[in-house]
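Good morning, and thank you for coming. I would like to take you briefly through one structure, which is now being shown.

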Amino acid sequence: MGVSDIIAQIDREIAQLQHARALLGGPSAAPKKGPGRPPKKTAVKKKRNLTPEGRRRIAEAVKRRWAEQKKAAAGK
């Protein structure tokens, strides 16, 4: 029994196992992508910009929050 005979026997066993798996309803092997197929392009998220008014509103909210925390710390 040569090496090619052993490889042929292993290939037959693999084919039988794959057939049995397909009959049992197991997940099939995912199809391989061809070598010439380009990869999928992912969507690029745009950078979100704040307006000067938005920055001002955030700054005011942070200052109010700091003032409340400072007031609560002083009251303890």
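Ile10 is partly exposed, with a relative accessible area of 43%; partly exposed lies between buried, under 20%, and exposed, over 50% (1.4 Å probe, protein chains only). The model is a predicted one, in which local features need pLDDT of at least 70 and side-chain atom pairs count only at pLDDT 80 or more, while totals for chains, interfaces and linings use all residues. Residues are numbered from 1 along each chain as its sequence is written, and side-chain values use heavy atoms, leaving out hydrogens and water.

Ile10 belongs to helix H1, residues 3-24; helices are DSSP runs (H or I, at least four residues), numbered from the N terminus. Just after H1, Gly25 has a positive phi of about 85°.

Let me turn to the salt bridges. How many does the structure hold? There are 2 salt bridges, each defined as a side-chain nitrogen of Lys or Arg within 4 Å of a carboxyl oxygen of Asp or Glu. In one, the side chains of Glu53 and Arg57 meet at 3.5 Å, N to O. Both residues lie in helix H2, residues 52-75, and are 4 residues apart, about one turn of the helix. Glu53 is partly exposed, at a relative accessible area of 44%.

Another salt bridge joins the side chains of Arg56 and Glu60 at 3.1 Å, N to O. Because Arg56 and Glu60 are 4 residues apart in helix H2, about one helical turn separates them. Arg56 is partly exposed, with a relative accessible area of 44%, and Glu60 is partly exposed, with 36%.

Key. Helix = DSSP H or I, 4+ residues; strand = E, 2+ residues; numbered from the N terminus.
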